[in-house]
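Biologist: Please put the sequence and the structure up, and then let us go through the model by question and answer.

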Amino acid sequence: MDIRILKSLFEEHFGSPVMTVSALPLSGSARRYFRITGGGMNVIGAFNPDARENIAFIEFSRHFRSKGLSVPEIYQVSDDNLYYLEEDLGDTTLYGFASKAGTSGDIPEVLKDYYYEAIEELVKFQVNGHEGLNYSLCTPRYIFDRQSMLWDLNYFKSFFLKLSGLPFDEQQLENDFLTFTTFLDAADKESFLYRDFQSRNIMVHNEKLYFVDYQGGRRGALQYDLASFLFEAKTDLPEDFRSELLEYYLDVLSKYKRIDRNEFIHYFFPFALIRTFQALGAYGFRGLVEKKAVFLQSIPLALKNLNWLIDHSGLADKLPEITRIIQSLSNTKRFDYTIPAVTDKLTVRIFSFSYMKNIPDDLTGHGGGFVFDCRGIYNPGKFAEFRDLTGKDKPVQDFLNKKSAMNDYIKDVLSIINRHIEFYKQNDYRNMQVCFGCTGGRHRSVYAAEQITNMLKNRDDVEVILKHMEC
């Protein structure tokens with residue numbers, strides 16, 4: 001990437017020298033964005049090594065603007081299509097606006113109005129945007145058909161389900177995938193499918209909504225984008241508001257084309273289901289693999305949606321392995337994440353876990369913390385009388401106190417943690433994570449986590465949160 005190319009594009013288009021170039025926060029893709037100023041202008045400079053994706057975005061933008069849709073203007077593009085300048089729509093997304101306004105309880109009227117506006121614009125994208133669009137520019141595929149659906153389902157299987165550690169019947173799951181995609185593929189696909197229609201891709205600028213990140217768009221079913229918007233995990237819209245928006249969408253759509261409401265609903269919840277599978281695949285890759293906290297935080301909300309959707313899809317009996325997997329995912333502690341609360345104190349999160357499974361993920365964005373291995377301590381789990389007990393039970397505690405080196409181990413660990421607490425406080429850090437692991441995650445690690453928690457709770461300058469992953 002060469003920032004000089006973006007500067008050259010700016011100066012060539014606006015005839016003014018560049019004054020400042022500021023990198024914008026990274027997202028979940030390889031694209032890089034910069035805010036460029038000069039001559040009284042603010043623009044966004046973009047770099048993406050995928051030229052085909054850039055061409056799709058640029059040409060789609062021009063097409064949508066010709067249809068009167070609210071998308072950014074494209075100012076200048078490099079000869080190799082790797083760099084381009086686009087209109088600066090500010091930093092406020094609909095997701096950010098909703099996070100501040102709140103989507104639980106009584107939703108503010110201004111936020112409701114934005115959701116209604118987004119629904120109206122979605123229909124225009126799907127119907128007006130479809131007319132005359134050059135679908136040959138689409139990448140990686142021009143249509144969201146059975147092949148695309150199978151890619152998404154296998155993305156979920158590879159990057160979420162297999163990483164969850166839950167057992168499943170792969171052949172039966174593949175059978176369900178074929179049944180599921182055959183059903184969905186029968187839906188009408190004569191509209192533009194935005195592909196990633198969600199509140200993070202909608203900008204609030206000058207009290208109006210603008211839309212970005214449609215470069216993955218293609219021909220497809222109407223239901224998919226609405227499902228993506230209404231069942232977006234982090235916004236967690238109340239069920240009654242979702243129903244209200246669904247009805248509003250159908251009212252708006254009926255002004256553009258004749259629709260059968262019952263047929264639309266017949267496919268709507270199944271499309272919401274496959275969209276949630278796709279989202280979980282992304283959360284798995286970005287969260288479980290790349291350890292990005294914002295994606296990890298979305299997992300429990302998406303699992304809640306999955307559980308609700310399989311019950312409302314009408315397909316539970318036809319997809320037995322998918323249904324069983326959803327039930328298993330709903331019952332596992334693996335993704336029982338609690339989004340960290342904001343506090344003025346340093347928050348110390350303490351976990352016990354099993355090395356046979358996973359080291360607990362860090363949801364704070366701090367990147368992780370201490371992981372102490374308790375497997376060098378004599379294991380009470382080898383004895384029959386302790387196997388059904390945990391480190392919270394007195395017989396196990398007595399064993400570890402009298403017949404192991406646990407007490408010296410705890411003293412060493414506490415000394416390390418206390419030193420780091422002082423350093424963290426001096427540097428205004430807000431989060432520390434401390435994990436204790438052993439073979440089964442039920443005896444030594446539980447005892448160590450309990451002891452350190454009790455000792456740190458004697459301090460009034462830290463907030464301590466304890467969680468046992470296996471008991």
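Modeller: Helices (H or I, at least four residues) and strands (E, at least two) are DSSP runs, numbered from the N terminus. This is a predicted model, in which local features need pLDDT of at least 70 and side-chain atom pairs count only at pLDDT 80 or more, while totals for chains, interfaces and linings use all residues. Residues are numbered from 1 along each chain as its sequence is written, and side-chain values use heavy atoms, with hydrogens and water left out.

Biologist: What percentage of the contacts in the protein with a separation of 6 or more is between residues 24 or more positions apart?

Modeller: The protein has 14 helices and 13 strands, and its C-alpha atoms fill a box of roughly 80 × 60 × 45 Å along the principal axes. A contact means heavy atoms within 4.5 Å. Among contacts with a separation of 6 or more, the share from residues 24 or more positions apart is 73%.

Biologist: Which strands stand at the edges of the open sheet of 5 strands?

Modeller: The order in this open sheet is β1-β2-β3-β5-β4, with antiparallel pairing; strands pair if DSSP finds at least two bridges between them. Two of these strands have a single partner each, so one side of each lacks a neighbour in the sheet. They are β1 (20-23) and β4 (74-77).

Biologist: Which residue of β2 stands opposite Ser-22?

Modeller: β1 and β2 (residues 32-38) pair in the antiparallel sense over 4 bridges. Opposite Ser-22, on the β2 side, stands Arg-35.

Biologist: At what angle does helix α2 run to β4?

Modeller: Axes are lines fitted to C-alpha atoms, for helices over the stretch in contact, and angles run from 0 to 180 degrees between N-to-C directions. Helix α1 (residues 3-14) lies across β1, β2, β3 (41-47), β4 and β5 (83-87), at about 50 degrees to β5. Helix α2 (residues 51-66) lies across β4 and β5, and its angle to β4 is about 145 degrees.

Biologist: Is Asn-81 buried, partly exposed or exposed?

Modeller: Asn-81 is in the loop between β4 and β5, and its phi is near 65 degrees, a positive value in a residue other than glycine. Buried means under 20% relative accessible area and exposed over 50%, with partly exposed in between (1.4 Å probe, protein chains only). At a relative accessible area of 24%, Asn-81 is partly exposed.

Biologist: Is Arg-195 buried or exposed?

Modeller: Arg-195 belongs to the loop between β6 (191-193) and β7 (202-205). Its phi is also positive, at about 85 degrees, although Arg-195 is not a glycine. With a relative accessible area of 13%, Arg-195 is buried.

Biologist: How many residues of helix α7 are buried?

Modeller: Helix α7 spans residues 222-230 and is largely enclosed by the rest of the structure. Its buried residues include Tyr-224, Asp-225 and Phe-229.

Biologist: What is the handedness of the crossing of α4 and α7?

Modeller: The axes of α4 (residues 109-127) and α7 come within 11 Å and cross at roughly 155 degrees. That makes the pair roughly antiparallel, since angles under 35 degrees count as roughly parallel, over 145 as roughly antiparallel, 65 to 115 as roughly perpendicular and the rest as oblique. A crossing is left-handed if the near helix is turned anticlockwise from the far one by less than a right angle, and right-handed if clockwise. The crossing of α4 and α7 is right-handed.

Biologist: How do the residues of the contact of α5 with α9 divide by class?

Modeller: The axes of α5 (146-164) and α9 (residues 261-289) come within 8 Å and cross at roughly 45 degrees, and the two helices are therefore oblique to each other. Among the residues in contact are Phe-156 and Phe-160 of α5 and Phe-277 and Leu-288 of α9. Ala, Val, Leu, Ile, Met, Phe, Trp, Tyr, Cys and Pro count as nonpolar, Asp, Glu, Lys and Arg as charged, and the others, Gly among them, as polar. The division is 15 nonpolar, 3 polar and 1 charged.

Biologist: Which residue does a cis peptide bond join to Thr-139?

Modeller: Omega of this bond is about 5 degrees.

Biologist: How far apart in space are Phe-386 and Met-19?

Modeller: Phe-386 is in the loop between β11 (370-373) and α12 (394-403) and, at 9% relative accessibility, counts as buried. Residues that Phe-386 touches include Phe-399 and His-443. Phe-386 and Met-19 are 367 residues apart in sequence, and their distance, C-alpha to C-alpha, is 69 Å.

Conventions:
Lists of a residue's contacts leave out its neighbours within four places in sequence.
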